[in-house]
Amino acid sequence: MIDSGPRPVAPFSHAVEADGWVFVTGQMPTDPNAPDAPLPNGIEAQTRRVMDNLKIVLSGIGLGLEHVTFARVYLTHFDRDYAAMNETYRAYFQPGKLPARTCVGVTGLAVSALVEIDLIARRP
């Protein structure tokens, strides 16, 4: 668990490491400083909050987004939000250095979020 990380919405660790591979639990668009506050409005704001939460978790274990090898994105309104989420998500990575990724539409997410993202990273 990362002390400065978002409050978990279920029983899990923020990240688990095995043999240099780091598996980061899917993060929600909740504010770590105000976990009971309403979620940000819209897919762009929620994607930014999720990515910022992922950065907090990675930083807490001495890594950054440059160490990410794979991401999974879950969207509750796939057709509506896919393009806008992609533009927001892309801005967090260096051009030409995007991790592999899967993105799927789902019927629902915890805390009624529009987006959730989990990561796999590799410690150098």
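Start by selecting F70 and I120: F70 stands opposite I120, which belongs to strand 5. Keep in mind as you go that this is a predicted model.

Now widen the selection to the strands around that pair. Strand 3 covers residues 68-75, and it runs antiparallel to strand 5, with 7 bridges pairing the two.

Next, colour strand 5 by itself, residues 115-122. How many of its 8 residues are buried? The count is 7, so you will find this strand mostly covered. While you have the strand on screen, here is a general point to look for: in a regular strand, side chains alternate between the two faces of the sheet.

Strand 5 has another neighbour to show. Select strand 2, residues 21-27, and you will see an antiparallel pairing with strand 5 through 5 bridges. For a landmark here, click on W21, whose bridge partner in strand 5 is R122.

Time to move to the helices. Display helix 1 (residues 43-60) together with helix 2 (residues 78-90); their axes lie 9 Å apart and the packing angle is about 40°. That angle makes helix 1 oblique to helix 2. The crossing of helix 1 past helix 2 is right-handed.

Colour them by class and the contact between helix 1 and helix 2 splits into 5 nonpolar, 2 polar and 3 charged residues.

How values were computed:
Residues numbered from 1 in each chain as written. Predicted model: local features only at pLDDT ≥ 70, side-chain atom pairs only at ≥ 80, totals over all residues. Heavy atoms only, no water. Buried < 20%, exposed > 50% of the residue type's maximum accessible area, 1.4 Å probe, protein only. Helix = DSSP H or I, 4+ residues; strand = E, 2+ residues; numbered from the N terminus. Pairing = 2+ DSSP bridges. Axes fitted to C-alpha atoms, helices over the stretch in contact; angles between N-to-C directions. Parallel < 35°, antiparallel > 145°, perpendicular 65-115°, else oblique. Left-handed = near helix turned anticlockwise from the far one by under 90°. Nonpolar A, V, L, I, M, F, W, Y, C, P; charged D, E, K, R; others polar.
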